Amino acid sequence: MSPASKKIEAFSSTRKLKIMVVDCATVWSDCLEVIRKEVDDQNFNTWFKPINPLKNDGDVLTIQVPSQFFYEWLEEHYVPVLKRAIHEVLGPEGRLEYSVIVDSGNQKNPPLMVNYPNGNGLKRNHLQAMNGNGMHEDYSPFSFKALNPQTVNSRLNPSYTFGNFVEGDCNRLARSAGVAVAKKPGTTSFNPLMLYGGVGVGKTHLVQAIGNEIKKNLPEKIVLYVDQNDFTSQFLNALQNHKIQEFQNYYLQVDLLILDDVQFLAGREKTQEMFFHIFNQLHQSGKQIIMTSDCPPRDLKGFQERLLSRFKWGLTADLQEPDFETKLAIIHNKMQSDGIEIPTEVAEYLAYSVDTNLRDMEGVLNSLLFHATLLKKEIDLELAKEVLKNIVKEIQSDVSVDFIQKTVADYFKVSLEQMKSKVKKREIVIPRQVAMYFCKRYTQLTLALIGGNFGGRDHSTVIHALESVEDMMKTDANFKNSVEDLTKKFKSRMTGS
Ligand code: ADP
Ligand code: MG
């Protein structure tokens, strides 16, 4: 929508009232009479009834309108009618000003209003620029430049695509919603699309893939990706420099707005208010909004309720930690796209071992690529283990694997050598399993690395150990006491008591 002029100057020949200062309600009701003759009932009720006259100082009538959107609608559709009305009622010098309720506020916060025309308001030459030739495509939220879809900086990373986003049970719903939105932004019921999930589950990748797809297939659309950091700092900057109107203008031109990691807007009331406003405007005009968060909207803390309720308007879909198969596919996919074949056993080893998150996995894979391409080393299990050791570090903890093994061995009166041996006798197996159980609880080691510390066992042996310990705790009270005794020892070590 192209905003039109902010003020209406009526150049009238006749003047009905000789105005001293007539109260604003009377002026407005006279105006309404004129308007009613020209506008049908439905539009009259929709667009004129909700307006409140605020003040009249002789030549200037100030009216209050419920939203920015409302104001822009009036300006786009009813300027001639309003002009005629003002000119009939107030005479040739008559002008109309608006007070726009940007935010109706709440008990704590008074309503936020913006007055037009004002010092920061849109100026006519700026308006022309907005409709102009799109020469001003720079990324600059602080001007009234028209954005050009071809050249606007969408801040997308072109390497995040649907093509290299591996589908699995963990992300199927989110991915299909993303595909649907990419085909018809703003017109599906998935608006807003809210994707949530933990670190490294692919939220950023997926939302950027949607953006890239839309840019490719619908080049006339203006796509913008921002993370909350960009949004917040741009907003604060705009506030300090009195460029709020320009800031809004920039965002309101966007057809697809992607806001990554909204959880960080928690507690930032003013920024939330601005986002709320932009969200409403875009949503009302059928523009697509996509957001990501680290938790479902209901668990977001520090957000205004009305904002949260809007987050739930469209579709909320989660992404989960990828399962083994998906991880494997992601590993192969990434290595292949970099032109490297990775032996299956290495890929499997990595899929088992990197059980923190996919960002760590990316670090490991990049490091492997570095070794393979620049150092010309062959990618084998040994190299993979070495790389892994450097990247996925054991988090500094007083309760190390060594300490756990020694404490548990002492407790059950077995030796460290037996603990790490292949011996399958029950009196050795149980302490070994208990030690594995505590390693999982108190260290950050991957299952495979825990197994590696117990005589080179694999991750499935560790999983089996964890299950056995938990089963035995349910059925064997003595055993449970032993585990609790040991727990106390480790806890007191950690708290230093
Ligand atoms: P998030 O934003 O959820 O923290 P990212 O999108 O940054 O996660 O993903 C972390 C890394 O894992 C990125 O390199 C991304 O490309 C990769 N990744 C995550 N999920 C997938 C997937 N399903 N297919 C391919 N790569 C993925
Ligand atoms: Mg992310």
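Predicted model: local features only at pLDDT ≥ 70, side-chain atom pairs only at ≥ 80, totals over all residues.
## Who surrounds the ligand?

Of the 17 residues around ligand 1, the nearest are V166, G200, T204, H205 and R359.

Where in the chain do these neighbours come from? Domain 2 (172-318) and domain 3 (324-389) each give at least three residues to the shell around ligand 1. Two helices also take part, with helix 7 (203-217) and helix 14 (358-373) each supplying at least two residues of that shell.

## Polar contacts and cover

Now zoom in on single atoms. R359 has a polar side-chain atom 2.4 Å from an oxygen atom of ligand 1. In the side chain of E362, an N or O atom is 3.0 Å from an oxygen atom of ligand 1. V166 uses its backbone instead: one of its backbone N or O atoms lies 2.7 Å from a nitrogen atom of ligand 1.

How much of ligand 1 does the protein cover? On its own, ligand 1 has 560 Å² of accessible area, and the protein covers 92% of that. The space that ligand 1 takes is the largest pocket.

## Two spots in the backbone

Most peptide bonds are trans, and most residues other than glycine have a negative phi.

The peptide bond from N191 to P192 is cis, with omega near 5°. You can find P192 in the loop between helix 6 (172-183) and strand 6 (193-196).

R155, a residue other than glycine, has a positive phi, near 60°. R155 sits in the loop that runs between helix 5 (124-131) and helix 6.

Terms used. Residues numbered from 1 in each chain as written. Chains lettered and ligands numbered in written order. Heavy atoms only, no water. Near = heavy atom within 4 Å. Polar contact = N/O pair within 3.5 Å; in protein donor to acceptor, adjacent residues only side chain to side chain. Areas by Shrake-Rupley, 256 points an atom, 1.4 Å probe, with all protein chains shown as cover. 1 Å grid on protein atoms, 1.4 Å probe; cavity = no way out; pocket = protein on both sides within 12 Å on 5 of 7 lines; lining within 4 Å. Sits in = over half its atoms within 2 Å of the grid points. Helix = DSSP H or I, 4+ residues; strand = E, 2+ residues; numbered from the N terminus. Domains from an automatic or database assignment.
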